[in-house]
Amino acid sequence: MLRLLCGVEYEIRGTENIPKQPFIIASKHQSPFETFIFVLLFRNAVFILKRELKWIPFIGLHLMALRMIFINRLDGVSSIRYIVKLAKIRIKENRNIIIFPEGTRTVAGQKTKYQPGVAALYSVLSVPVLPVALNTGLFWPKSMLSMRKNSGKAIIEILPPIYPGLSKDEFLKNLEKTIEEKSSKLAMEKTGIANE
């Protein structure tokens with residue numbers, strides 16, 4: 001529908017980087033598009049979502065039936081403990097975990113500090129983390145209800161996994177650098193600016 005009505009196409013790169021065993025997907029989050037496409041791309045995955053999504057009629061019930069992990073972002077450290085507890089259970093069920101490390105959608109080109117939840121999951125679960133860069137916000141703005149779409153090609157790039165073994169600080173720096181640098185390159189690709 002996006003392609004037909006809005007002229008927005010998409011491309012998935014790096015599927016060869018997807019591990020065979022359970023893993024964590026740590027993705028940039030710029031638009032509602034990645035939420036929809038990740039359901040198809042990462043089968044049997046569980047999103048870590050803000051609890052307010054539970055209260056959306058019909059959608060909330062569907063998300064609860066799929067056993068997504070809901071958190072209260074105001075709970076600080078206790079919300080991280082809760083995420084880790086439920087994520088351990090989901091990984092044992094052979095499901096993958098999807099987390100947006102910035103904790104919210106951001107405007108394309110905007111940098112927001114990565115939250116500690118993803119580092120806690122990396123440290124405790126001892127499974128690979130799959131960084132995902134994208135440029136979707138250039139085509140479908142941050143708001144789910146926004147009618148404005150820009151034609152072009154949205155790109156989602158799955159980057160090589162970060163395997164267990166780094167300290168939390170090393171991991172978080174590595175993850176942020178990897179995702180942000182690649183997302184910037186994807187944005188430049190759309191605008192036609194050459195990058196080295």
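A word to carry along: buried means under 20% relative accessible area, exposed over 50%, and partly exposed in between (1.4 Å probe, protein chains only). This is a predicted model, where local features need pLDDT of at least 70, side-chain atom pairs count only at pLDDT 80 or more, and totals for chains, interfaces and linings use all residues. Residues are numbered from 1 along each chain as its sequence is written, and side-chain values use heavy atoms, with hydrogens and water left out.

Start by selecting Tyr122 and Phe171: both are buried. Rings of Phe, Tyr and Trp (its six-membered ring) pair if their centres lie within 6.5 Å; planes under 30 degrees apart count as stacked, over 60 as edge-to-face and the rest as tilted. Here the centres are 4.0 Å apart and the planes at 5°, so this pair is stacked. Tyr122 sits in helix H5 and Phe171 in helix H6 (residues 168-191), so the pair ties together parts 49 residues apart in sequence. Helices (H or I, at least four residues) and strands (E, at least two) are DSSP runs, numbered from the N terminus.

Next, pick Phe38 and Phe100, which are both buried too. Which aromatic cluster are they in? Phe23, Phe38, Phe42, Phe47 and Phe100 form one together.

Now colour strand S5 (residues 96-99): Asn96 and Ile98 point one way, Ile97 and Ile99 the other. Two strands pair if DSSP finds at least two bridges between them. S2 (residues 24-27) pairs with S5 in the parallel sense over three bridges, with Ala26 opposite Ile99. S3 (residues 45-50) also pairs with S5 in the parallel sense over three bridges, and there Phe47 stands opposite Ile98.
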